[in-house]
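Here is a short report on a structure with its sequence. It covers confidence, the chain contact, a helix, a strand and some backbone details.

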2 protein chains.
Amino acid sequence: MQEQVDQQWMQHALQLARLGLGTTSPNPPVGAVIVFNGQVLGEGFHEVAGEAHAERRAIDDAYARGNGHLLPGATIYVTLEPCSSTGRTGACTDAIIKERFARVVYGSTDPDMRHQGRADALLRVEGIEVCPGVCKDACDRLLRSWFHAVQTGRPWVTAKVATTLDGRMTRRQKFWLSGVDTLRYAHQLRLESDAILVGGNTLRTDDPALTVRNPLQTPSPRKQQPWRVVLTTNLLSLPPMAKLFTDEHHKRTLVWENVKDLRVILNELYTRYGVVNLMLECGGRLLRRFLEDGLVNEWMQSISPMVGAGPDSVVPGDFLPNEFIFQREELIECGRDIIIRGILG
Amino acid sequence: MQEQVDQQWMQHALQLARLGLGTTSPNPPVGAVIVFNGQVLGEGFHEVAGEAHAERRAIDDAYARGNGHLLPGATIYVTLEPCSSTGRTGACTDAIIKERFARVVYGSTDPDMRHQGRADALLRVEGIEVCPGVCKDACDRLLRSWFHAVQTGRPWVTAKVATTLDGRMTRRQKFWLSGVDTLRYAHQLRLESDAILVGGNTLRTDDPALTVRNPLQTPSPRKQQPWRVVLTTNLLSLPPMAKLFTDEHHKRTLVWENVKDLRVILNELYTRYGVVNLMLECGGRLLRRFLEDGLVNEWMQSISPMVGAGPDSVVPGDFLPNEFIFQREELIECGRDIIIRGILG
């Protein structure tokens, strides 16, 4: 019974956490809700790195609602283990102890070596009941890109590809492959990405804006346009009047020339630009390089209802050195197209 | 009210009709049910060309059940307009008049110029009420391959392709692309096909049996193995010990050498061998020829969860002269694979 109640409130905290998708990097999206006698006293989510954590926001919300006096004895649900090291915002574990909560229920364990379940001991010694691992799978899933970045020093890389049924990426006369519903879905993905990467060839051929436009959900007012990353073999070959260099977001464009090791760039994107979620929107040749280096974590493919489109295969050339097995997580009928999404193993 | 009752019984007749899928060619699958006062007096479906039509089988069934005396005044539901020309089995319209049915409800109109609604007048003049076009779309859908064959003199051609996510048809070391569920689905398709076509290259490389094995439904005892059709550029290059030439069904193997016009072969398959449903299981080059000639009606693709498999594209080469737009009719999660099925426009 208590277990079901806990899961229900954790689902609520997860919904709050998702509101931070796309704005929290390099921090993770986290949600928290404070409950007493089945009533919400306060709730919050982490929104932007450097600002208050979800637990702090929920506590502040409880005070703002006039519920501060009810916190002693209340339960706080949070999707990620409360931090126990003082970062930019003060440790959440300390705040929980100070407010004399009765219970802390959390989902994922923090992979940071400074945390990793350390909160449990700190809280229990103060007589606070701790229930870790509630809705752990769902919480881990929401945090997997951040886990990956923390553990590898590189962003979680999602390859976004649009193909025909026969695996081609181009149509004659440059007709769009994707239907309008799929385009909106793609803009939603951009909304949740910290950076979007293309090759110089895509820049020259398509002159893309790579901005978030008309996604499925209204963007947070805190959302910046994603970084736009261009990898080119020849800087001088890029058209200086391309949108990426001239539009209002031109300061969000990064260019690298003659990259020998993609890992170096990925590491720099994470450590210097805080990119946790990187989306590849490049052509087949560059995608193949990322695949060959084993750097693609997630695959999002829209398949449009055509046969016999252009000669450009989504992954051109002979067998890859290692075939990737795809674990499907979503299959969506998106207008006339279908969308398949999952992880590459 | 009557309309809903009619639709309900027509759905029943459609289920009966489907029992003939795979055995009736060159005739269409047709089902019939005779109803009086909400009770089934008799039912039947057409099973094998040259044998009784569905209406005849339903009437015989009514007599066998001791319901013959109730036929005058009863309603017969049949998925296709009753025939009015005497073929091998005597016109069904005559039989209906003879039994003094009160109503005839049918779905599709017979495209045969000798019929095309002619039954309506013949029946009405005898005082029999005629309701054409009930569940017409579903009946037409079941009959569309037969309509196509009657109208063009060629079989309905279904391209069955199995690809990876990146549109390739091969894996290293000849691992199967498709999962077990997809293989069973493919054998169900073979069960409903009158012939299966491959190129000489597939014969040499894979030595396939092209027989129906372990389909999703138990085959009718009247089902013969499908014709196995091989198109080759060089008869002498085919391995004489290949399964198609040596197994117990070797008399069901047809070989053509150096085919200049695919339409000629298709016409011969229909007119001489009664093939209404032809399935292509050939490689990309031969498939491309069928596409270029505009001869593919239906597309059934299983997509297996791999990226980076072999270099053989499902439709190799440059743009097709005409891109085909695919109208999706089914999207099935089939184990780890997905199956997309629809028609090419």
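## Terms and confidence

Helices and strands are DSSP runs, numbered from the N terminus; a helix is H or I with at least four residues, and a strand is E with at least two. The model is predicted. It scores ipTM 0.87 and pTM 0.90. Chain A has a mean pLDDT of 93, and 99% of its residues reach 70 or more.

## Where the chains meet

Contact between the chains involves 36 residues of chain B and 36 residues of chain A. On the chain B side, the elements giving two or more residues are β11 (298–304), β12 (306–307), β13 (324–334) and β14 (337–344). β13(B) gives the most, with seven residues. By class, this side of chain B has 19 nonpolar, nine polar and eight charged residues.

Strand pairing also crosses between the chains. β12 of chain A (residues 306–307) pairs with β13(B) in the antiparallel sense, over two bridges. A:Met306 has B:Ile325 in β13(B) as its bridge partner.

## Helix α1 of chain B

α1(B) spans residues 2–18, 17 residues in total. From first C-alpha to last it reaches 24 Å, close to the 24 Å expected at 1.5 Å a residue.

Which residues of α1(B) are buried? They are B:Trp9, B:Met10, B:Ala13, B:Leu14, B:Leu16 and B:Ala17. An α-helix has 3.6 residues a turn, so residues three or four places apart point the same way. The face turned away from the buried side carries the exposed residues B:Gln4 and B:Gln8.

What covers the buried residues of α1(B)? The cover includes strands β1 (31–36), β2 (39–45), β3 (75–80) and β4 (103–108) of chain B, along with helix α5 (136–152) of that chain.

## Strand β8 of chain B

β8(B) covers residues 227–232 and is mostly covered: six of its six residues are buried. In a regular strand the side chains alternate between the two faces of the sheet. Both faces of β8(B) are covered. On one side, B:Trp227, B:Val229 and B:Leu231 are buried. On the other, B:Arg228, B:Val230 and B:Thr232 are buried.

β8(B) also has a pairing partner in its own chain. Strand β7 (residues 195–199) of chain B pairs with β8(B) in the parallel sense, over five bridges. Within this pairing, B:Val198 has B:Val230 as its bridge partner.

## Backbone details

Most residues other than glycine have a negative phi, and most peptide bonds are trans. Some residues here depart from that pattern.

A cis peptide bond joins A:Ser25 and A:Pro26, with omega about 5 degrees. A:Pro26 sits in the loop between α1 (2–18) and β1 (31–36) of chain A. In chain B, B:Ser25 and B:Pro26 are joined by a cis peptide bond, with omega about 5 degrees. B:Pro26 is in the loop between α1 and β1 of chain B.

A:Asp207 is not a glycine, yet its phi is positive, about 45 degrees. Its place is the loop between α7 (200–206) and β8 (227–232) of chain A. Is A:Asp207 buried or exposed? A:Asp207 is exposed, because 12 other C-beta atoms lie within 10 Å and a residue with 12 or fewer counts as exposed.

A:Asn214 has a positive phi near 50 degrees and is likewise a residue other than glycine. A:Asn214 lies in the loop between α7 and β8 of chain A. With 9 other C-beta atoms within 10 Å, A:Asn214 is exposed.

Key
Residues are numbered from 1 along each chain as its sequence is written. Chains are lettered from A and ligands numbered from 1 in the order in which they are written. This is a predicted model: local features need pLDDT of at least 70, side-chain atom pairs count only at pLDDT 80 or more; totals for chains, interfaces and linings use all residues. Two residues are in contact if their C-beta atoms, placed from the backbone, lie within 7 Å. Ala, Val, Leu, Ile, Met, Phe, Trp, Tyr, Cys and Pro count as nonpolar, Asp, Glu, Lys and Arg as charged, and the others, Gly among them, as polar. Two strands pair if DSSP finds at least two bridges between them. pLDDT is the predictor's confidence in each residue, from 0 to 100. The expected span of a helix is 1.5 Å times one less than its number of residues. A residue is buried if 20 or more other C-beta atoms lie within 10 Å of its own, exposed if 12 or fewer, and partly exposed in between; C-beta atoms are placed from the backbone.
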